[in-house]
Amino acid sequence: MQDMTIHPCTLDAGCEALRLEVRAWLDGILAGTPPEKRAESYLREDPAFSSALGERGWIGMTWPKQYGGGERSMIERYVVLEELLVAGAPCGAHWVADRQSGPLLLRYGKENIKQAMLPRIARGELYFCIGMSEPNSGSDLASIRSRATKTKDQNGDGWLLNGSKIWTSGAHLAHYMIGLFRTAPAGSNRHADLSQFLIDMAAPGISVRPIKDIMGADHFNEVFFDNVRITADHLLGNEGDGWNQVMTELAFERSGPERYLSCVRLLMLMIDSADRDNERHAVAIGKLVAEMATLRQLSLGVAGMLSRGENPALSAAIVKDQGTLVEQKLPEIAHDLFGIDLGSRGDPLAAVMGYLVQAAPAFSIRGGTREIVRGIIAKGLGLR
Ligand SMILES: Cc1cc2nc3c(=O)[nH]c(=O)nc-3n(C[C@H](O)[C@H](O)[C@H](O)COP(=O)(O)OP(=O)(O)OC[C@H]3O[C@@H](n4cnc5c(N)ncnc54)[C@H](O)[C@@H]3O)c2cc1C
């Protein structure tokens, strides 16, 4: 059984000062943004906002200065993320690049790639998407079939990519994908023979087809690879190490405060709308606030682990599981307490709830389903 202790993490005065600075800046830049837009949280894409944030030094905050980073701590980064999420800032364009692609490049990218790309990510200019899931491989990621084969032509050594990915968030906007491909036929060890590649989304042979979600939005896509050629230096890490690298990437993906703050705008509106003399309101909202406070301590504890260089995979899985449970019940509790007519116009609570009722089911699927995350926790507990 692994150690499951998540140690509390306290924020020093510098972090609190940073919080006020970020909050004041967001108050200005987001003034006039309607509540239902803010409720879209980090999914909403706004390249101008991403470059303004980059200019402030709030993307790639923890990366070395030589790659355009700020050499700030993981805890400072956490504070900035928390403020962005609570404000409902439109971070969709750069979020994946900041959260996981940049750190992955830092760890596994060739030096020329790091120098060329990381400063541009930190400036909010380069966006990334995640190429893991395939039409018949979601939870069972090791069963992917898209393949990369070695090639040599007048341009030198490289790889040819063929196959397809699905549910690729932001592929329509992303400049690059970090994709998982099979570099040898699946043998007895399904986790071997997978490799990660950096892929230019403008390369010939790539096509992107949008998938409409329940809200009519096209955040995610299908991506097809038809003899896409990439150069040898676009292999990330070592050939065949893709599985371990992808597990690192998923730990980054699952470890942030977005795993419990997706419905925070609704909670804030519920607090504003509550009848102070109504005990039902007080009990239900009080309980939710207590749960959010606990989740925040857990999530901050994960940021503390990241800052100490510890592996957060198990703790992040716990926060994601518990966080999505609370997030997903929020719209229902709001409906129960306020009996909102979702068709009513001009009521911010109704507008935000209308959006989140449709968005919330995906919270426990993206980044790994509830069952898969619980499987990780069960393994950590020594139960399987
Ligand atoms: C909003 C959103 C954004 C996404 N963005 C991306 C992205 O950018 N890039 C990307 O690569 N993918 C993305 N995904 C895909 C996501 O990672 C997959 O949907 C997820 O991993 C589940 O895979 P699947 O859809 O194939 O479902 P399946 O794996 O077919 O699962 C179906 C059901 O069976 C259950 N199940 C499966 N295996 C087991 C098991 N061993 N034990 C118990 N239960 C099991 C699952 O929990 C689920 O309930 C996104 C998904 C969503 C909803």
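## Where α8 meets α10

In α8, the residues L266, L267, M270 and S273 meet L330, P331, A334, L337 and F338 of α10. Sort that contact by class and you get 8 nonpolar residues, 1 polar and no charged ones. One thing to keep in mind as you look around: this is a predicted model.

How do the two helices sit against each other? Helix α8 (residues 264-273) and helix α10 (residues 313-338) pack at an angle of about 20°, and their axes are 10 Å apart. Angles under 35 degrees count as roughly parallel, so α8 and α10 are roughly parallel to each other. As for handedness, α8 passes α10 in a left-handed crossing.

## α7 on α10

Helix α10 also packs with helix α7 (residues 242-254), this time at an angle of about 40° with the axes 9 Å apart. That angle makes α7 oblique to α10. The crossing of α7 and α10 is left-handed.

Which residues do the touching here? From α7 come M247, A251 and R254, and they meet A313, A316, A317 and K320 in α10. By class, that contact of α7 with α10 holds 5 nonpolar residues, no polar ones and 2 charged ones.

Stepping back to the whole chain, the protein is divided into domain 1 (13-127), domain 2 (130-240) and domain 3 (246-380). The centres of domain 1 and domain 2, taken over C-alpha atoms, are separated by 25 Å. Their contact takes 14 residues from domain 1 and 12 residues from domain 2.

On the domain 1 side of that contact, α5 (95-108) and α6 (111-122) each supply at least two residues. The largest share comes from α5, with 4 residues. The side of domain 1 that touches domain 2 splits into 8 nonpolar, 4 polar and 2 charged residues.

## Around the ligand

Now for the ligand. It has 19 residues around it, and the closest are M132, G138, S139, T369 and E371. If you'd rather look by element, β1 (128-131) and α12 (370-380) are the ones that give two or more residues to the shell around the ligand.

Where does the ligand lie relative to the domains? Domain 2 (130-240) and domain 3 (246-380) both give residues to the shell, so the ligand lies between them. As for the make-up of that shell, its residues divide into 8 nonpolar, 9 polar and 2 charged.

Definitions and conventions:
Residues are numbered from 1 along each chain as its sequence is written. This is a predicted model: local features need pLDDT of at least 70, side-chain atom pairs count only at pLDDT 80 or more; totals for chains, interfaces and linings use all residues. A residue is near a molecule or strand if its C-beta atom, placed from the backbone, lies within 6 Å of it. Ala, Val, Leu, Ile, Met, Phe, Trp, Tyr, Cys and Pro count as nonpolar, Asp, Glu, Lys and Arg as charged, and the others, Gly among them, as polar. Domain bounds come from an automatic or database domain assignment. Two residues are in contact if their C-beta atoms, placed from the backbone, lie within 7 Å. Axes are lines fitted to C-alpha atoms, for helices over the stretch in contact, and angles run from 0 to 180 degrees between N-to-C directions. Angles under 35 degrees count as roughly parallel, over 145 as roughly antiparallel, 65 to 115 as roughly perpendicular and the rest as oblique. A crossing is left-handed if the near helix is turned anticlockwise from the far one by less than a right angle, and right-handed if clockwise.
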